[in-house]
Amino acid sequence: MSSRVMIHGEPAHKFTFNYKFKKRVFKGIPDCWRRDAWYYLITDCLRNATKDHKLKATYQKLLLKESPHERQIDLDIPRTLRDHIMFKQRYGSGQRALFNVLRAFANYDEEVGYCQGMTNIVATILMYCEEEKAFLVLVHMFLRDQLHNLFIPGFPTLIENFYIQEALLQQYLPKLYKHLACPAIFIQQDGILHYFQAV
């Protein structure tokens with residue numbers, strides 16, 4: 001299902017994008033293929049990978065720059081997948097790679113900078129990709145899925161998604177919507193916690 005191709009001297013894999021491939025993706029990409037399959041999918045079947053050699057050079061420059069988010073990134077890293085062998089050791093290779101990618105991205109997209117939810121995304125990518133490739137995948141994710149407005153201060157896309165979810169819930173599951181929308185009251189009496197739904 002795959003063939004090896006070269007993009008600016010770098011090897012990559014191209015997949016036959018058909019029903020069988022999509023079915024296999026939904027079934028679950030085997031660990032040994034995730035790096036190549038994720039990169040293929042995130043770059044729109046490698047069409048958006050043509051300028052990645054420039055992005056790699058940019059990554060090396062971004063690593064040399066300091067970021068105002070460094071302290072917060074360093075505080076959040078030990079809390080990220082702390083039981084995973086790759087991120088267990090403080091200042092080990094996994095934590096250093098995670099710090100580098102997050103700091104470089106904070107310098108790359110200065111409006112987003114760094115947001116706490118980004119650590120788990122990057123850590124998951126790093127389990128299958130080397131540091132430089134993880135940065136490329138993260139940048140492509142932000143471009144393809146328009147994650148910029150999800151993470152900028154104020155989280156406008158997130159607020160919009162909450163509004164859409166609430167409207168869909170109200171339309172298709174009105175009983176559940178009403179249940180979730182009504183505040184609950186808890187009263188402790190004789191050591192027993194009583195629950196009342198406000199109407």
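The buried residues of helix H2 pack against strand E2 (10–15), helix H1 (19–27), helix H3 (52–64) and helix H7. Here buried means under 20% relative accessible area, exposed means over 50%, and partly exposed is in between, with a 1.4 Å probe and protein chains only. Contact, throughout, means heavy atoms within 4.5 Å. Helices (H or I, at least four residues) and strands (E, at least two) are DSSP runs, numbered from the N terminus.

Two remarks on the source. This is a predicted model, in which local features need pLDDT of at least 70 and side-chain atom pairs count only at pLDDT 80 or more, while totals for chains, interfaces and linings use all residues. Residues are numbered from 1 along each chain as its sequence is written, and side-chain values use heavy atoms, with hydrogens and water left out.

Back to H2, residues 31–42. Its buried residues are Asp36, Ala37, Tyr39, Tyr40 and Ile42. The end C-alpha atoms of H2 are 17 Å apart, which agrees with the 16 Å that its 12 residues should span at 1.5 Å a residue. The expected span is 1.5 Å times one less than the number of residues.

Just after H2 comes Asp44, with a positive phi of about 55 degrees. Asp44 is not a glycine, and most residues other than glycine have a negative phi. Asp44 sits in the loop between H2 and H3 and counts as partly exposed, at 34% relative accessibility.

Now H3 and its partners. Where does H3 stand relative to H7? The two axes come within 10 Å and cross at roughly 110 degrees, and H3 and H7 are therefore roughly perpendicular to each other. For the terms: axes are lines fitted to C-alpha atoms, for helices over the stretch in contact, and angles run from 0 to 180 degrees between N-to-C directions. Angles under 35 degrees count as roughly parallel, over 145 as roughly antiparallel, 65 to 115 as roughly perpendicular and the rest as oblique. The H3 and H7 crossing is right-handed; a crossing is right-handed if the near helix is turned clockwise from the far one by less than a right angle, and left-handed if anticlockwise.

On the H3 side the contact involves Asp52, Leu55, Lys56, Tyr59, Gln60, Leu62 and Leu63, and on the H7 side Glu131, Glu132, Phe135, Leu136, Val139 and His140. By class, that contact has 7 nonpolar, 2 polar and 4 charged residues. Ala, Val, Leu, Ile, Met, Phe, Trp, Tyr, Cys and Pro count as nonpolar, Asp, Glu, Lys and Arg as charged, and the others, Gly among them, as polar.

H3 also meets H5. Their axes come within 9 Å and cross at roughly 100 degrees, which makes H3 roughly perpendicular to H5. H3 contributes Leu55, Thr58, Tyr59, Leu62 and Leu63, while H5 contributes Asn100, Val101, Arg103, Ala104, Asn107 and Tyr108. The classes in this contact are 7 nonpolar, 3 polar and 1 charged.

H5 itself covers residues 93–108 and reaches 22 Å from its first C-alpha to its last, close to the 22 Å expected. H5 is mostly covered, with 13 of its 16 residues buried. Asn107 lies in H5 and counts as buried at 8% relative accessibility. Not counting residues up to four places away in sequence, Asn107 touches Leu62, Lys65, Glu66 and Ser67. Glu66, in the loop between H3 and H4, is exposed, with a relative accessible area of 70%.

Next, the loop between helix H4 (70–76) and H5, where Arg90 is found. Arg90 is partly exposed, at 32% relative accessible area. Leaving aside its neighbours within four places in sequence, Arg90 is in contact with Asp74, Ile77, Pro78 and Gln95. Arg90 and Ile77 are 13 residues apart in sequence and 8.8 Å apart in space, C-alpha to C-alpha. Tyr91 is in the loop between H4 and H5 too, and has a positive phi, near 60 degrees, without being a glycine.

Last, H6 (residues 118–126) and H7 (residues 131–144). Their axes come within 9 Å and cross at roughly 130 degrees, which makes H6 oblique to H7. The crossing is right-handed. Met118, Ile121, Val122, Ile125 and Leu126 of H6 make the contact with Glu131, Ala134, Val137, Leu138, Met141 and Phe142 of H7. Those residues divide into 10 nonpolar, no polar and 1 charged.
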